Structures are given as structure tokens and as C-alpha cells.
Amino acid sequence: MNMQAPKREAPTATSVDGVPYDSTVTTDIAMQDTLLTPRFYTTDFDEMDAISVEGVRADWDALIAKMEADPNKGHFKKNEDWDTVDWEGMEPQLKKEFIDFLVSSCTAEFSGCVLYKEMKRRGSNKDITQLFQLMARDEARHAGFINDALREAGIAVNLGFLTQKKKYTYFRPKFIYYATYLSEKIGYARYITIYRHLEAHPDKRFHPIFKWFKEWCNDEFGHGEAFALLMKTDPKLTTGRNVWWIKFFLTAVYGTMYVRDHQRPAFHEALGVDVDWYGQEVFRKTSEISKQIFPITLDIDHPRWLPTLKRLQKANADLAAAKARGGVSGRLGQVAASARAAAAFVSLYTIPAIRHDVPISTRLEPAY
Ligand SMILES: [Fe+2]
Ligand SMILES: [Fe+2]
């Protein structure tokens with residue numbers, strides 16, 4: 001009898017609370033499709049390919065030239081600033097939440113890469129394919145860099161598997177514009193807010209990846225600029241009935257971020273960040289930026305805003321608990337919690353929005 005332990009194909013490099021973690025575990029996390037997790041998207045690529053950017057030509061050419069110059073070409077590589085990470089010494093709850101943060105960020109970055117690459121592949125419009133190729137290049141770097149950090153712990157996400165097996169959600173182009181524009185700009189706001197906070201409190205920087213966030217978020221800022229220009233080519237996208245859609249996406253994106261971030265208390269505690277402060281700070285920056293193209297912003301100082309976000313978050317936590325409980329009581333609990341989450345969303349959506357005049361030119365520079 002062979003008494004040798006069977007060889008594992010991928011060694012378990014880390015464990016969380018006694019549960020061994022490997023690439024299969026993180027890939028499973030990345031595969032999840034819920035209202036709260038990053039999804040993969042597909043769209044009507046022919047419609048997008050038909051866009052003419054002539055109306056915004058000067059700003060368009062300036063933006064593309066900047067992206068082609070590729071200032072961050074050498075940025076996404078580990079160098080001497082990459083301190084050794086003590087994965088094994090990390091407090092278990094923090095480790096679990098931090099892995100969740102990295103996997104979800106990696107999936108979101110890669111989702112952009114997959115969508116942009118597909119647009120480049122399917123299109124024949126030179127302006128459009130050129131833009132999407134440049135953005136796919138950036139997102140591939142971003143996802144790859146996060147995955148390098150996960151790889152150090154032996155838990156890199158299998159991105160090839162995701163490309164093939166993760167579900168693709170269809171969004172018509174205008175919804176892609178709203179959702180992607182916002183996710184690029186809120187991504188910028190999230191990364192820069194953490195970066196500035198850690199600049200002031202370097203003792204709280206428990207992982208080197210945060211040092212890379214400044215140049216990183218400038219990429220996201222530029223991607224958001226591109227979507228602002230795409231929307232500018234067709235005034236209908238940001239007027240009339242579509243303003244209700246814009247409000248819907250603003251509410252959904254802000255609400256999702258709030259709920260997701262509150263699932264990671266130990267992570268924010270380690271960073272020394274108050275999650276409510278962080279949320280409002282990121283919403284404020286994103287709203288300020290989105291005035292470049294959206295005629296409304298959400299009233300995040302409205303007396304109903306924060307209490308209702310808290311209700312939404314509580315309903316989601318109860319929903320997850322009911323799901324985990326299972327059985328008849330679990331099912332009833334899920335129905336009740338879903339109804340409460342829906343009611344909270346409606347309440348957020350019906351807070352009167354703040355109207356703005358939209359400037360003639362969308363152009364902005366990262367200023368935070
Ligand atoms: Fe990115
Ligand atoms: Fe991006």
C-alpha cells in the first residue's frame with residue numbers, strides 16, 4: 001500500500017478559519033451571480049459600433065491620444081514598494097473580508113476587460129474599436145495585478161474559466177453606458193478615497209496593493225470620460241424619460257456599494273475607515289463628477305437617505321441569513337426580507353433628485 005499523501009494539483013496556500021482556500025474557492029466566489037456581485041455583460045455590439053463621435057471629435061481625439069501615450073504602461077508591476085505580505089498572520093475575519101474584496105474587485109475589473117474586448121472584436125468603427133481596445137488593455141492589467149496579489153496566497157481566480165463559464169447578462173447599449181460610466185467613476189472615487197486616507201494614515205496600510213491606487217484610479221477616470229463622451233453624442237440619452245433610468249442606475253449603484261461595503265466591517269476597521277463616512281464621501285465625489293453629463297444627482301443629504309440605506313442593508317443581511325437557514329422558515333424569511341429590500345429601494349428612488357445644468361463640454365480632470 002502506498003502510504004504517501006496524494007499530491008494536490010494546486011497546493012492549498014492559505015486557510016481562513018480552518019477552511020482551506022485555493023483557486024477553486026476564489027473562482028467559485030467570482031462565479032456567483034447575485035444582485036450584489038460583479039456580473040459579466042453582453043450587449044448589442046452593432047448598435048454601439050454605429051456611433052459617430054464627430055460631434056465630440058476634439059475632446060475624443062485628446063482623450064484617445066492620452067490613452068495611447070499609455071502613462072501607466074509600467075505601473076502594474078510589483079517593485080521594491082511591494083512589501084512582504086503576512087497572509088498567515090492576518091486576523092481570520094480580516095483575511096476573509098480582504099480576500100472577498102480582492103476577488104470582487106478582480107472580477108469587476110475583468111468584467112470590464114471581457115466586455116471591452118468583445119466590443120473591439122465585433123466592431124468595425126475605427127473610433128469605437130480603438131477606444132475599447134485601449135480600455136480592455138487597462139482592465140486586463142488591473143485584473144491581472146489583483147490576481148497577482150491573490151496568487152501570492154495561492155488563491156488566484158481562474159479568469160479563463162470565468163470567461164467561459166460565468167453567466168453573461170444582456171444590457172441594451174444605453175444601460176451599458178449608464179452602468180459602466182457610473183462604475184468607472186465610482187471606481188475612481190473609491191480608489192482615490194482609500195488612497196488619500198492611507199496617505200494620511202500609512203500605519204493602516206495593511207497590504208501594499210493600496211500604494212498602486214493613485215495611478216490606477218486615473219485609468220478609471222479616463223474610462224469614465226470616454227463613456228461621458230459616448231453619451232454626449234446622443235442628447236436623448238441624458239434627457240426626457242431616460243433621466244428616470246439615470247436615477248435608477250445611480251440609486252442601484254450607490255445602494256449596492258453601501259450594502260457590499262457593510263459586509264466587510266473588519267476590512268474597513270483595519271483601514272481605519274468609518275464605512276458610513278466612506279460611502280458618503282465616495283457618493284459625493286461621484287455625484288460631483290457625474291454632473292459633467294447627468295442632469296440630476298441623488299440627494300444624499302436628504303433625511304431619508306442614510307436611514308433607508310441602513311434599512312436596505314439590514315434587509316439584505318436578513319435575506320442572506322434566511323437563505324442560510326433554509327427550510328420553511330428560511331423561505332418565508334427570504335420573502336419577507338426581499339419585500340423589505342424592495343420597499344427600501346423604492347423609498348430611496350423616490351427621494352427627489354437635485355437638478356443641474358449640464359456643461360457644453362464634458363471634459364474633466366481627476367481632481368481628488
Ligand atoms: Fe479598471
Ligand atoms: Fe475602468
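Me: Which is Gly112, buried or exposed?
Reply: The model is predicted, local features need pLDDT of at least 70, side-chain atom pairs count only at pLDDT 80 or more, and totals for chains, interfaces and linings use all residues. Residues are numbered from 1 along each chain as its sequence is written, while chains are lettered from A and ligands numbered from 1 in the order in which they are written. A residue is buried if 20 or more other C-beta atoms, placed from the backbone, lie within 10 Å of its own, exposed if 12 or fewer, and partly exposed in between. Gly112 has 25 other C-beta atoms within 10 Å, so Gly112 is buried.

Me: How is the contact of α3 with α5 made up by class?
Reply: The axes of α3 (residues 57–69) and α5 (residues 126–151) come within 10 Å and cross at roughly 35°. Axes are lines fitted to C-alpha atoms, for helices over the stretch in contact, and angles run from 0 to 180 degrees between N-to-C directions. From α3 come Trp60, Ile64, Met67 and Glu68, and from α5 Asp127, Gln130, Leu131 and Leu134. With Ala, Val, Leu, Ile, Met, Phe, Trp, Tyr, Cys and Pro as nonpolar, Asp, Glu, Lys and Arg as charged, and the others, Gly among them, as polar, the contact has five nonpolar, one polar and two charged residues.

Me: Why is α7 called oblique to α11?
Reply: Angles under 35 degrees count as roughly parallel, over 145 as roughly antiparallel, 65 to 115 as roughly perpendicular and the rest as oblique. The axes of α7 (residues 173–200) and α11 (residues 275–290) come within 9 Å and cross at roughly 135°. That angle makes the pair oblique.

Me: What is the handedness of the crossing of α7 and α11?
Reply: A crossing is left-handed if the near helix is turned anticlockwise from the far one by less than a right angle, and right-handed if clockwise. The crossing of α3 and α5 is left-handed. For α7 and α11 the crossing is right-handed.

Me: Where is Asp17?
Reply: Phi of Asp17 is near 55°, a positive value in a residue other than glycine. Asp17 has 9 C-beta neighbours inside 10 Å and therefore counts as exposed. Its place is the loop between β1 (14–16) and β2 (19–21).

Me: Where is Asp70 found?
Reply: Phi of Asp70 is also positive, near 55°. Asp70 has 12 other C-beta atoms within 10 Å, so this residue is exposed. Asp70 is in the loop between α3 and α4 (92–122).

Me: What radius of gyration does the protein chain have?
Reply: The radius of gyration is taken over C-alpha atoms, and the globule rule is 2.2 Å times the number of residues to the power 0.38. For 368 residues, a compact globule would be near 21 Å, and the protein chain agrees, with 21 Å.

Key. Helices (H or I, at least four residues) and strands (E, at least two) are DSSP runs, numbered from the N terminus. Two residues are in contact if their C-beta atoms, placed from the backbone, lie within 7 Å.
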